Structure formats: C-alpha cells, structure tokens
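Please examine the sequence and the model shown here.

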Amino acid sequence: MRKFTIILAALFASAVAQAQADYTKSLSGIQWVKIESKANVIVKTHNSNELLIKSGPSVETPERAKGLKLVGEGGTDNTDVGFSVIQDGSTLIVYNLRKTGDAEIYLPKNQNVSVKSTWNGDIEIDGFAGEIEADAQLNGSVKVTNVNGPVTANTLNGELAVTFGTVKQDSPISLYSTNGAVDVSLPSNTPANLSLSTLNGNVYTDFDIKAAEKNGMRTLLGRNIKSTINGGGVSFSMKSTNGNMYLRKK
Amino acid sequence: MENEHVLDLIPEYLDGSLDKETMKDIQRHLEKCPQCQQETKEMEALLKAFKSDVVPVPSERLRSRFEEALEAEKASMGKVVPLPLEKKNRNWASSVLKIAASIALLVASFQMGSVFQQKKINQELAQLKDENLDMKQTAMLSLMENQSASKRIQGVAYIDEFENPDESIIQALANRLLNDENDNVRLTAFEALSKYTSSETVKNVFIEALEKEKNPSIQVAIIQTLVQIQEKKAAEPMKKLLEKEDTQPFIKEQIKAVLPSLT
C-alpha cells in the first residue's frame, strides 16, 4: 500500500511537471510569427530556431479546470501553456488565450514578429534584428528595445517607446499613437528622413532639426515637420494625434 | 589570216583606218572569199548612201521668224536688267562669302543632324522614362501586397514618384486605406491620397473610409481633409460617428466644431 502511494505520488508529480513544461515548436519554413493577446506579452530572443512559450507560475490553471481545455476567441489550447498555435502557410499564429498574467515568448533574433494587444495588455519586444510590427489596439503600451530592423508600431491610448540600435536603411519606419506619447531613441549618427507630425501634442528633440522655412518663417509650430538628419536616409515617420513626441539621441 | 573571214574589219577597211599590213591581208582574203566580197560591197553601198544623204537645214525665213518671235516675247516679258558685273577688286570678298556660305551650310547641316539626333535621344529617353514608370508602378503595386507592413508603407510612399498617378494606382491606394489590417499602412495611404482630393474617386473613398475606420487618428485626419475641401456628403457619416458610443470624445468635439460649416 505504501509503495502504491509512492507510485501515485510520483505519477502526480510527473503530470504536474508535464503541465508546467514550456512549449516549443520548430520555426523552419516560418517567415512571420504573429502573436495576439489580451494580456501582457513579453517577446525576447534566444539562440535556437524555435518558438518557446514559457509557462511561468503566473499561468497556473485553477484547480477546478483540471481535465478541461482552455478555449477562447483564438481557438483551443493546443500547447498546454494557455496558447493556441496554428500554422498558416509560412505564418505561425500564436494566440494567448489567457486574459491575465504575463506571457513570455522566445524567438530567434532574425525572426519577423508581429504582436497585437487587443485589450489592456502591454507589449514588450527586445533584441530583434528582423522586422517588428506592434499594435496595441486599446489601452496597452508598446515598448520596443534594441532593434535594428523596420518597426511599424501603433498604439491607441498607451505609450509607444522604441530604442534603436543601428537602424537598417532598407524599409520605412512608422510609429504612430493616437492618445499616447511617442518616445524614440536613435544612435546620433543615424541617417534618416524624418517626418514628425502631431495635432495637439508637442515635439521635443535633441537632434538638429531644421524645419522647412516658409517665407523666412520657421514652421516649427506646424503640424508636420519634415527634416533630414545625417544627410538623409530611411523614411522615419512619427505621429501622435494627441500625445507629445520625444526624439532622443542615444 | 588569209583563210579567215574579215567581216569584223570591213568597216575599218573601207574607212582606210587600218595599218598597211592588215589592209593587204584583207585584200588578199577578199580576192579569194566571195562571201566577204559580198559583205564589203553592201557595206560600201550603205556608206555611200549615208554620205549622199542631204541634211535638212532650216531656211533663212524660219530663222528670221524665230528671231522676231523671240523679240516679241522679250518685249512682252518686260525689261531684263543685267546684273552689274562684279569688279575685280571685289572678287576676294565674294570668295570669302562663298567660303563662309559653305561653312555655314556645313555647320547648319551638322546642327540639323545633331538636332535630329537629340530628338531621337529625347524620344528614347521619354520611352525609357515611360518604361521606368511602368516598372515603378509594378514595383509599387507588388510592394503594396507584401506581407510586411513596412514594405506596404514603402509601396504607398512610391506615389511621390508619379506626377500624374493613373486610376489603377489611386485604386490600389484606396484599397489600402479601406482594407489594410495595419493602422500605420492605412494612415500612410490616407496621407498619400489626401494630395489628390480633386479626384471624385478619392472623395468617395474618404467618405467610405470615414464610415468604416476605427482608428481615431485616421478618423480625425479624414474629417479635417473633408472639411477643408467642403465636401457636403461628409456630414452624414460624421453625424453617425457622433451617435456612436465608442467614438473617442475628441473626435466628437472635432465633429461638433466643424459640422455647422458643412450643413
């Protein structure tokens, strides 16, 4: 009887361990990983060519849900970590079915990543060299750090902050917010064609921005500032309708 | 020689224009050959006939009549003023002029040649430019279908390369504004289209977009543009936005401020 108990305990422990295991999936043949979540999402890089979803303590399933599957808008939990992962051609669609807690996702450095927060979730993306798309559709913020590639990001009410390493010159960068601040840091030697536009916000920068002169008057107060830095280069567009804009030298 | 026929040489023989040796040879041959004798006789007769033929000459009367007619004609034509003969000391000037004229002609023809060449080059350039525009259009349209939002924005921004974008380009941009899933792409497409508000297509697209668009930044941009061009049809979708619960307060305020100017 005592042996039986031990075996039972061991089985239980292994089952729990199974449930707590991280989820991985190979990314061969995948061009884009599209993540959608209502809760906070943190996306980081790692050195293997696979998707890794951490199952932290914060994603514990309630006792009552034992034996039941988590379902949501994005589908059914087919990962055991609260996500639905579906491959569609060369795109991998990753839905976070949980509406609370932080999801931590790891991808290879050169992966093209698109992250969408459809409710209050904040998006954090760090260290990528591929293309980044981030869209906080409601109250979430977007924070992108240490990236090189083209960034296309948009927030409604949250803040949008991006810190660039060397900026790749081949494809446009576009950072928009409706009500949030847009805060961008660039290496001071970055060549770019800047376009800064705001309706009700103010623009602050330590870059030497020469606003186009109109009849000898500087149009700094204009809604749309177009300027080149370091001789001009990649198209770099920042816009906030109601928020302030900050463009910093790194 | 004695036994060969001399038919070819008969005219010269009769003419006496051959050397003595040949003349003798021919004589000897003729004594023996009746065929050649016959030929010689005929030729002789023919030549005699030529010589005896009288060449008709116009009579003195005809001549005087012609002179008279010529005088009459001259008189009826009016006086012909003979050009004064150039004096010898002006000859150098005329030759310089001649040289100058020929140089001018040379230069002119060279210029003409280069003008035509330039025309041809211009045509080729125009053709190249056309091809270049075609290529740009193709690149633009294909970029706008790219999976990457950044590339689609790049495609939209290509509009600046076209002085007069054709309907297919406007349509492709309209398609981005109305249907692209990415807010940044939609906003960029709106900004690109807002330079062509004189086009009916663009106006209608903006009104359609105002009914569909959820992003407040794009909503407010469309509202401002439609008010700027005083598009009355914009009033209806604006009223609808006012009634909607999820329309942002600043949009509603904006609409309230501008609506009176449209109605």
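Which strands and helices each supply at least two residues of the lining of the largest pocket? They are β16 (173–177), β18 (192–198), β22 (224–229) and β23 (234–240) of chain A, together with α6 (149–157), α8 and α10 of chain B. This is a predicted model, in which local features need pLDDT of at least 70 and side-chain atom pairs count only at pLDDT 80 or more, whereas totals for chains, interfaces and linings use all residues. Residues are numbered from 1 along each chain as its sequence is written, chains are lettered from A in the order in which they are written, and side-chain values use heavy atoms, without hydrogens and water.

The largest pocket holds about 1,300 Å³ of space. Among its 46 lining residues, A:Ser195, A:Ser197, A:Asn224, A:Lys226 and B:Glu191 lie nearest the centre. The most is given by β23(A), with seven residues.

| Class of lining residue | Number |
|---|---|
| Nonpolar | 16 residues |
| Polar | 23 residues |

A:Thr190 lies in the loop between β17 (182–186) and β18 of chain A. At 3% relative accessibility, A:Thr190 counts as buried (under 20% relative accessible area, 1.4 Å probe, protein chains only). Its side chain reaches the backbone oxygen of A:Pro187 at 2.6 Å.

Buried residues of α9(B) include B:Val202, B:Phe206 and B:Leu210.

How values were computed: Buried < 20%, exposed > 50% of the residue type's maximum accessible area, 1.4 Å probe, protein only. Helix = DSSP H or I, 4+ residues; strand = E, 2+ residues; numbered from the N terminus. 1 Å grid on protein atoms, 1.4 Å probe; cavity = no way out; pocket = protein on both sides within 12 Å on 5 of 7 lines; lining within 4 Å. Points joined across faces, edges and corners; volume = space filled by probe spheres on them. Nonpolar A, V, L, I, M, F, W, Y, C, P; charged D, E, K, R; others polar. Polar contact = N/O pair within 3.5 Å; in protein donor to acceptor, adjacent residues only side chain to side chain.
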